[in-house]
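Dear colleague,

Please find the structure below, followed by an account of what was found in it.

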Amino acid sequence: MALVFGWSVAVGSAAHAVERAEGQAAVVVRGGDTLYSTVSRCTVGFNARSGSTMYAFVSGRCAQGAITWYADAALTVSVGVTVGVSFPGNDYASVRYTNTAVSYPGEVSLGAGAGTRDITGAANPTIGQSLCHVGRVGGYRCGSIQAVNVTVNYGEGVVSGLFRSSICSEPGDTGGPAFSGGTALGVIVGSSGNCSVGGVTYYQPVVEWLSTYGLSIY
């Protein structure tokens with residue numbers, strides 16, 4: 001089966017959650033939400049921090065060429081800037097949040113009406129481990145990890161150190177968070193098949209990204 005590496009630029013779902021508090025509209029960016037730039041729109045995998053500075057984990061392939069990020073498709077609410085991209089070889093990028101008026105909780109959205117999941121740590125994946133992911137097209141799905149240290153050949157080059165699960169995903173799910181309980185494991189970077197015929201999904205591990213940028217999940 002052909003590998004599908006559809007990232008979020010083709011999907012036009014809502015950028016962020018809007019919550020009401022004391023009559024004011026507060027912009028909230030969680031894992032699973034969307035950030036927009038002038039060249040792409042990418043799903044936030046997880047939020048992390050170094051000291052008091054907050055960061056977002058997004059797909060490196062999706063983030064290429066993007067500089068400033070916004071919480072809305074109209075590009076009116078700026079939230080951060082790209083501070084590092086690694087692709088190919090790896091598939092991750094860091095966005096440093098710069099707008100202190102926006103909230104960046106350490107949790108992921110499970111989809112419309114499904115609530116959130118608090119993410120309190122990160123770990124390397126292990127074969128047989130239970131796993132759930134959230135894709136903006138395929139939604140919230142669960143399965144188990146089938147393989148680690150997988151190498152995949154994108155059109156733009158080889159990406160190594162990925163892991164694979166038994167969970168299906170759809171084009172447009174790229175960047176979605178993958179976790180086991182409250183532990184972050186990775187983000188969706190590609191798939192084989194789809195959720196109509198069945199398939200598998202590939203992920204960039206989150207621990208490597210955290211180590212590279214000196215970040216921690218909160």
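Phe87 counts as buried, with a relative accessibility of 10%; here buried means under 20% relative accessible area, exposed over 50% and partly exposed in between (1.4 Å probe, protein chains only). This is a predicted model, in which local features need pLDDT of at least 70 and side-chain atom pairs count only at pLDDT 80 or more, while totals for chains, interfaces and linings use all residues. Residues are numbered from 1 along each chain as its sequence is written, and side-chain values use heavy atoms, with hydrogens and water left out.

The structure holds six aromatic pairs. Rings of Phe, Tyr and Trp (its six-membered ring) pair if their centres lie within 6.5 Å; planes under 30 degrees apart count as stacked, over 60 as edge-to-face and the rest as tilted. One of the pairs joins Phe87 and Tyr154: the ring centres are 5.0 Å apart and the planes stand at 85°, so the pair is edge-to-face. Phe87 lies in the loop between β9 (78-86) and β10 (92-97), and Tyr154 in strand β15 (residues 139-154), so the pair ties together parts that are 67 residues apart in sequence. Helices (H or I, at least four residues) and strands (E, at least two) are DSSP runs, numbered from the N terminus. Tyr154 is buried too, at 3% relative accessibility.

Tyr92 and Tyr213 form another edge-to-face pair, because their ring centres are 6.2 Å apart and their planes are at 80°. Tyr92 belongs to strand β10 and Tyr213 to helix α2 (residues 206-213), so this pair links parts 121 residues apart in sequence. Tyr92 is buried, with a relative accessible area of 4%, whereas Tyr213 is partly exposed at 25%.

Two strands pair if DSSP finds at least two bridges between them. Strands β9 and β10 run antiparallel and are joined by six bridges, with Val81 opposite Arg96 in β10. Strand β8 (residues 68-70) also pairs with β9 in the antiparallel sense, over three bridges; Tyr70 has Ser78 in β9 as its bridge partner.

The peptide bond from Phe87 to Pro88 is cis, with omega near -5°, and Pro88 is found in the loop between β9 and β10. In that hairpin, which has five residues between the strands, Gly89 takes a positive phi near 90°. Asn149, in strand β15, has a positive phi of about 55° although it is not a glycine, and is exposed at 64% relative accessibility.

Yours sincerely
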